[in-house]
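Here are some notes for a colleague who is opening this structure for the first time. They are set out as numbered points, to be read with the model in view.

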Amino acid sequence: MVTTTSSIRTAKAVQTPEPEGPSGGARRGKRKFPVGVLFILPAFLFIFVFMLYPLVSSGYMSLTEYNFVYDDTPKFIGLDNYFAAFQDTQFMTALSNTFVFGIFYFVIVMVASLAIALLLFQKVRFNSFYRSAIFVPIVVPLSLAALVFLWILQPNYGLLNYFLGDVLGLHFLTQPWLSNGTTAMGSIIVLSAWASIGFVTILFLAGLQGISPDTLEAAEMDGARGLKKIFFIVLPSLRETYILTGTWTIIHALKVFVEPMVMTDGGPGTSTLVVYQQVYLTAFTYFDMGYASAMGYILGLIILILVVLNFFIGRIRAGKDA
Amino acid sequence: MVRASLFSRVWMNVVLVVLAILFLAPLIYILFNSFKPAGEIFQVPQSILPKEWTFENYLAATSKGFIDYFKNSVVITVGGVVLTVLLSSLAGYGFAKLPFKGTNFVLLVIVATLTVPLVIFLVPMFLMENEFGLLDTNLGLILPNVAVELPFAILIMRASFMAIPKEIEESATMDGAGVFRRWWTVMLPMARNGMVLVVIMASYAIWGEYTMAKALTMDPSAMPLSVGLTLLKGEVWQYGVLAAVIVLAMLPPIIIFIIFQKHIVSGVAQGAVKG
């Protein structure tokens, strides 16, 4: 025993100077099998089976005609599903609804989160209470929050109409919120913003904390105070944070699903139908797996393009100033 | 910190109080409604506080259907979180301390999956689970949930392992400990903070997961709370009971949030800065 241990020690001592640091068994073994593989493999298998394989499989399926109920096997039809999607009025409606939702959601979440982060960054009393109140929606299951909002918006005994009518006396404002396309879309945007602002605020706060105190002090020496300081010193220092929050918000804007699914079922009519929901319905109500995959891929590509665009716009701006 | 004048400080407090009320209102509303007797819920005009407090809704919440939803949510969340923590601590250590040729590429592929919308995976997932008889089972939801949570969990664990100084592991190597023992006895305890963060984030995500559960379960007895409760939205007579179940379903994540708030906020912020 003693001899074995000491020989290992010598071997180790000789190899210590290598730059990668210890890699254990690989060094001691006769062959150089990378032990790292064993550590990564189990997790990779999960990701492969449930994400990478499905990604490829659904890419192939998007080129086929495959109804899960009627067809035995997928039939290859090339890009027909993609052409069909752009002539499908329902899909185009869903696409334009998604963009309308996305634009309002993006602007509201980005502006509100930045403003709230700036407020919470100040030394105000009860700061930690305000933080808790604003962050807590992050952890509430979204589908259940949607149920609560459904109730709040209920025309007869919901909180919102009660508040507008009986408390504020603005009876002309009370209405059946989810029976009208515009207010239904507005309701979905408000719920999504309620659920997301806390998280994006945390990201902005982290960005604000990253600004060096020297920059802020130097600005004050130059006489920059209050709003002037915020606009000319603080906001321009958040470039990296914009890339991060922008990416997150774009992805979430285009992936909207739970809110319309639970609150409106896409209605009234198709006024709140979104792409994600249309893909879901095509796959799991009509079982048209090929067409659903194609629409899913179109959504994925749109997200990818916007994320890359957001990244480069952020980088170019940052580069110009540097 | 930015200093502000007294006047604007008063305004800031006013704005923050209004914001706090807006963000908490839905949660307080459902809480009070869960204590109202059935008749009072439909009363017009409404009252915010229950006029007569009752626990009958909470008693009714223990009926068979709801218990099934709770049981499924608990099993799926616990199973999913345990697997996520275990696999991400293994992989995170591999990526941080045992790099091999192609490590960076594998990591890049894993991180790239974060931007792909889940809906693209759903059809093949459904067909696979149909093939293996996993539809309408708890296992059938645990497995894909773990896969979806893993990429972010791996990033967190990789960062916590990278933060451990090399000397500590080297001294363990001198004692002749094998690589797995070193991971288990020396490194894992030191990456505790990362593990706590993974546990918290994965449990929120899996407890509230809707999309996959909606696609991969059709039988109500196999559904978790997040999907099962939405089936009851049209059943008006149940409103008080539904409110009570929603409160019970929201409580576990909110309690965890209150206990670990500082940890979560700094963790998210750090993860975001590093990632």
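1. A definition is needed before anything else: a salt bridge is taken here as a side-chain nitrogen of Lys or Arg within 4 Å of a carboxyl oxygen of Asp or Glu. Please also keep in mind that this is a predicted model, and that every value below is computed from it.

2. With that rule, the side chains of Glu169(B) and Arg182(B) form a salt bridge, with an N to O distance of 3.3 Å. Glu169(B) belongs to helix H8 (residues 166-174) of chain B and Arg182(B) to helix H9 (residues 179-190) of chain B, so the pair ties together parts that are 13 residues apart in sequence. Glu169(B) counts as buried because its relative accessibility is 1%, and Arg182(B) is likewise buried, with a relative accessible area of 0%.

3. How many salt bridges does a search of the whole structure find over all chains? The search finds two, and one of them joins the side chains of Lys75(A) and Glu65(A) at 4.0 Å, N to O. This pair links distant parts of the chain, with Lys75(A) in strand S2 (residues 75-76) of chain A and Glu65(A) in strand S1 (residues 64-65) of chain A, ten residues apart. Lys75(A) counts as exposed because its relative accessibility is 51%, where the cut-off for exposed is over 50%, while Glu65(A), with a relative accessible area of 40%, is partly exposed.

4. Among the contacts in chain A with a separation of 6 or more, 65% come from residues 24 or more positions apart. Chain A exposes about 15,400 Å², of which carbon and sulfur atoms supply 68%.

5. A cis peptide bond joins Gly267(A) and Pro268(A), with omega at about 0°, and Pro268(A) lies in the loop between helix H13 (258-263) and helix H14 (275-284) of chain A. Phe287(A), a residue other than glycine, has a positive phi near 55° and sits in the loop between H14 and helix H15 (289-321) of chain A. Asp136(B), also a residue other than glycine, has a positive phi near 60°; Asp136(B) is in the loop between helix H6 (119-131) and helix H7 (138-162) of chain B, and counts as partly exposed at 29% relative accessibility.

6. Phe149(A), in helix H7 (residues 142-152) of chain A, counts as buried at 8% relative accessibility. Neighbours within four places in sequence aside, Phe149(A) is in contact with Val190(A), Leu191(A), Trp194(A), Met263(A) and Pro26(B). Phe149(A) and Phe126(A) are 23 residues apart in sequence and 27 Å apart in space, C-alpha to C-alpha.

7. Is Thr247(A) buried or exposed? Thr247(A), which is found in helix H12 (residues 239-254) of chain A, has a relative accessible area of 17% and is therefore buried, the cut-off being under 20%. Leaving aside neighbours within four places in sequence, Thr247(A) is in contact with Tyr242(A), Val307(A) and Asn310(A).

8. Finally, Arg158(B) is in helix H7 of chain B and counts as partly exposed, at 23% relative accessibility. Not counting residues up to four places away in sequence, Arg158(B) touches Gly92(B), Phe95(B), Ala96(B) and Leu107(B). Arg158(B) and Phe32(B), by C-alpha to C-alpha distance, are 43 Å apart in space and 126 residues apart in sequence.

Methods: Residues are numbered from 1 along each chain as its sequence is written. Chains are lettered from A and ligands numbered from 1 in the order in which they are written. This is a predicted model: local features need pLDDT of at least 70, side-chain atom pairs count only at pLDDT 80 or more; totals for chains, interfaces and linings use all residues. Side-chain values use heavy atoms; hydrogens and water are left out. Helices (H or I, at least four residues) and strands (E, at least two) are DSSP runs, numbered from the N terminus. Buried means under 20% relative accessible area, exposed over 50%, partly exposed in between (1.4 Å probe, protein chains only). Contact means heavy atoms within 4.5 Å. Accessible areas come from the Shrake-Rupley method with a 1.4 Å probe; for residues, only the protein chains shown count as cover.
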